[in-house]
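Thanks for coming. Please have a look at it first.

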There are 2 protein chains.
Amino acid sequence: MPQLPNAEIITIGDELLYGQVIDTNSAFLGQELGKLGIRVRQITSVSDRADEIVTALDLARTRADVVLTTGGLGPTKDDLTKHILTEYFGTELVLNESSLRDVEAIFARFNRPMLEVNRQQAYLPATCTPIRNAVGTAPGMWFEDKGTVFVSMPGVPFEMKRMMTDTVLPRLARHFQVPPIEHIVIQTVGLGESFLAEQIADWEDALPPNIKLAYLPSLGAVRLRLTGQADGQPNLRGRMEALLPELRRRLGNHIFAETDIPLEQAVGQLLAERGLTVGTAESCTGGYVAHKLTSVPGSSRYFLGSIVSYHNDIKIKELGVLPETLAAHGAVSEEVVRQMAEGARQRLGVDVAVATSGVAGPDGGTPEKPVGTFWLAYADAHQTVARKISFNRGRQLNIDYATNSLLNLLRLSLPVS
Amino acid sequence: MPQLPNAEIITIGDELLYGQVIDTNSAFLGQELGKLGIRVRQITSVSDRADEIVTALDLARTRADVVLTTGGLGPTKDDLTKHILTEYFGTELVLNESSLRDVEAIFARFNRPMLEVNRQQAYLPATCTPIRNAVGTAPGMWFEDKGTVFVSMPGVPFEMKRMMTDTVLPRLARHFQVPPIEHIVIQTVGLGESFLAEQIADWEDALPPNIKLAYLPSLGAVRLRLTGQADGQPNLRGRMEALLPELRRRLGNHIFAETDIPLEQAVGQLLAERGLTVGTAESCTGGYVAHKLTSVPGSSRYFLGSIVSYHNDIKIKELGVLPETLAAHGAVSEEVVRQMAEGARQRLGVDVAVATSGVAGPDGGTPEKPVGTFWLAYADAHQTVARKISFNRGRQLNIDYATNSLLNLLRLSLPVS
């Protein structure tokens with residue numbers, strides 16, 4: 001196998017060092033370069049000062065074959081990157097006609113007057129290959145200098161991502177003759193990372209040397225990524241797919257998707273495929289389950305509505321929970337959460353409904369029902385099921401975890417059409 | 001004024017370079033150090049490899065007076081930071097009794113058996129000052145070497161933040177004899193950054209040289225931070241506060257808080273102070289307004305519930321929107337959103353209700369009501385007000401912006417008690 005290139009990332013901007021902005025660009029770049037098999041050796045964030053940027057470039061090129069920078073390409077005075085690169089590579093700014101047309105088109109589209117500072121953005125270093133910015137006014141730049149590739153992109157995540165996907169990643173793959181690489185994502189929910197690893201340890205050990213497995217854990221879920229590098233044999237993808245039936249057998253219905261979609265989208269696809277409508281009745285999650293379900297574009301096909309019943313009066317009046325059940329068992333109980341799910345199904349006129357009632361914290365816990373106690377329920381025409389979970393890592397993470405658990409309960413309980 | 005120290009941050013971990021984890025620690029550190037007047041010169045993320053960590057330390061100390069590292073302190077084999085630092089400073093690991101007691105206490109609290117790897121975590125380099133970890137098993141370390149301070153902390157944000165606040169920041173302030181510094185935060189909503197800057201340009205220009213203003217913009221809101229450095233004159237805080245009446249006069253009711261709390265908490269405080277209850281009726285925001293309001297601990301004092309009416313049948317049945325209004329004006333209209341707010345007030349039995357109906361996108365737009373068109377309404381016993389906004393930067397940002405705008409409408413419309 002040919003040697004794969006190393007990369008370094010330099011993110012530029014005082015706002016990163018002051019902590020006003022969290023750098024999300026580096027993680028995106030690391031993930032995308034990783035998919036090509038390009039390893040990121042270091043990420044460096046520097047201020048908008050020329051000397052610091054030049055030092056970072058000098059050091060990065062000693063370690064990496066490709067140096068990607070983001071930031072400092074805007075039209076204002078503190079955006080220095082283009083001028084610094086022009087000097088760094090000993091060249092000069094010249095008007096790039098095609099970039100000028102792009103910038104003009106952007107202003108025409110938004111029907112705004114174009115300023116001289118924006119026109120200046122179409123002046124680019126003579127030795128660079130411009131990288132088209134389909135969604136903003138600052139073009140990117142590709143330089144090759146003494147065997148190192150330098151790529152400069154805007155800091156706006158939306159613009160940078162589009163530029164990477166459309167232009168930079170394909171060009172890097174060609175330039176470095178990156179061997180074909182294949183990825184398969186298997187997403188699981190409801191199994192801890194170490195337990196999952198134990199379940200598939202011997203399967204993983206038996207993988208051929210050119211196929212690697214990565215664990216990407218998040219709250220209650222683990223994404224598995226299988227990466228195959230070309231080994232001169234035909235049909236790499238087919239050989240990877242042949243490994244999956246055994247993995248599926250081991251993990252069973254913990255697998256919720258074999259593509260890179262969130263759990264709420266996987267659940268939405270099931271609902272749409274089976275022609276079912278859904279609604280929620282939420283106490284402790286306060287509308288977050290409804291928010292997650294409706295964060296998916298097109299969710300109005302299956303999501304009809306919710307009743308957030310924070311106050312017990314609303315549980316009684318809008319969901320039909322019996323006052324005597326509340327009095328006997330309290331709001332955080334199996335009995336109440338079942339009535340909430342069944343009531344939501346009736347009131348919202350949906351095929352299936354889910355419900356939550358719990359103690360999100362930080363206050364409100366009791367010895368019998370400490371903070372982090374959550375009752376979840378699911379109801380359809382044939383059955384109502386309830387489940388209790390305990391999880392306490394702070395209010396927002398508790399709400400997140402309860403929401404993911406409820407979405408999983410919904411996924412596993414849906415009637416097969 | 002004495003020379004303030006420079007800092008550098010080194011975040012350690014393969015997961016950062018692979019992009020599996022977004023580095024949020026650096027932004028927190030940058031903000032907190034900035035409040036002391038300590039400037040972060042550079043942030044570097046490196047892998048768990050000894051040679052790369054040592055190189056990063058060598059370079060950082062040439063530029064900075066204090067080097068803070070996060071990560072690599074866990075109990076597993078890839079956690080190398082402690083061993084690398086032990087060798088880097090030419091010392092050896094010795095058992096630290098007080099750290100051992102802390103680790104034992106953590107395990108006792110969670111009633112779990114303590115493993116030998118956890119006991120190992122109480123072995124620390126002989127020349128370091130241990131930094132207590134109040135919420136985890138890995139102690140931090142403070143080294144002083146040839147005039148540079150090195151601080152090593154865990155990568156878990158929760159543990160690192162607690163360590164910074166409890167120990168590291170006060171110790172840095174003492175060690176570097178950082179002069180007293182004062183901060184005042186003024187939070188505004190509903191004014192663009194450049195418009196806001198124009199409104200207060202001459203006020204800002206007239207600030208004394210030891211008082212600086214920073215703009216920290218986010219979606220629809222701008223946080224202003226006034227930072228005063230000691231200048232040998234008495235009562236710095238009082239002199240800063242004397243500047244505020246004029247700022248308040250210029251910005252009027254765009255100011256929603258003079259402390260560092262989110263908009264939903266400021267709104268919640270108003271509701272609690274005035275003894276009012278609130279509910280929401282949500283279409284396009286799908287429960288996100290309810291989620292925001294209930295993300296504040298203690299919100300059950302004023303938040304009673306919501307009806308998420310994604311489907312028009314639920315707008316009619318649960319909120320009392322008239323079918324003929326829907327037919328005549330469509331769901332995204334002033335008429336419907338007013339009826340939603342008024343209906344929610346009645347049905348939920350709340351003092352005030354707010355409502356949303358809009359086109360969050362990416363699909364569903366029409367020439368008259370393009371994606372990003374939102375109608376917002378507020379209703380109490382005396383009035384119903386509605387407002388139209390347009391904002392289109394992608395589904396989630398659209399929902400965020402509409403939610404912030406509605407919370408602001410709620411804040412500005414609440415009756416004075």
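In this predicted model, strands S1(B) and S3(B) run parallel and are joined by 5 bridges. Strands here are DSSP runs of E with at least two residues, helices are runs of H or I with at least four residues, and both are numbered from the N terminus. Two strands count as paired if DSSP finds at least two bridges between them. Within this pair, B:Glu8 stands opposite B:Val67 in S3(B).

S1(B) has another parallel partner, strand S2 (residues 39–46) of chain B, with 7 bridges between the two. There, B:Thr11 is opposite B:Ser45 in S2(B). Is strand S1 of chain B enclosed or open? Of the 7 residues in S1(B) (residues 6–12), 6 are buried, so the strand is largely enclosed by the rest of the structure. Buried means under 20% relative accessible area, exposed means over 50%, and partly exposed lies in between, with a 1.4 Å probe and protein chains only.

A word on conventions: residues are numbered from 1 along each chain as its sequence is written, and chains are lettered from A and ligands numbered from 1 in the order in which they are written. Local features need pLDDT of at least 70 and side-chain atom pairs count only at pLDDT 80 or more, while totals for chains, interfaces and linings use all residues; side-chain values use heavy atoms, with hydrogens and water left out.

Now the sheet around those strands. It is an open sheet of 12 strands with mixed pairing, in the order S6(A)-S7(A)-S8(A)-S3(A)-S1(A)-S2(A)-S2(B)-S1(B)-S3(B)-S8(B)-S7(B)-S6(B). At the edges are strand S6 (129–131) of chain A and strand S6 (129–131) of chain B, each pairing on one side only. From one strand to the next the twist averages 20°. Axes are lines fitted to C-alpha atoms, for helices over the stretch in contact, and angles run from 0 to 180 degrees between N-to-C directions.

Helix H7 (residues 157–175) of chain B packs on this sheet, touching S3, S6, S7 and S8 of chain B, and its direction makes about 170° with that of S8(B). Contact means heavy atoms within 4.5 Å. Over in chain A, strand S3 (residues 66–70) and strand S8 (residues 148–153) pair in the parallel sense over 5 bridges. A:Thr70 has A:Met153 in S8(A) as its bridge partner.

Next, another sheet. This open sheet has 10 strands in the order S17(A)-S16(A)-S15(A)-S13(A)-S14(A)-S14(B)-S13(B)-S15(B)-S16(B)-S17(B), and the pairing is mixed. Strand S17 (384–390) of chain A and strand S17 (384–390) of chain B are at the edges with a single partner strand each, so one side of each has no neighbour in the sheet. The twist here averages 15° from one strand to the next. S17(A) pairs with strand S16 (residues 373–379) of chain A in the antiparallel sense over 7 bridges, and A:Leu376 stands opposite A:Arg387 in S17(A).

H16(A) packs on this sheet, touching S13, S14, S15, S16 and S17 of chain A, at about 145° to the direction of S15(A).

A:Pro297 is partly exposed, with a relative accessible area of 44%. Leaving out residues up to four places away in sequence, A:Pro297 touches B:Pro362 and B:Arg395.

Finally, the two chains together. A rotation of 180° with 0.1 Å of shift along its axis superposes chain B on chain A, with an RMSD of 0.1 Å. That is the relation of a two-fold axis. The superposition is by least squares on the C-alpha atoms of residues with pLDDT of at least 70 in both copies. Of the interface residues of chain B, 100% are also interface residues in chain A, so the copies meet through the same surface.
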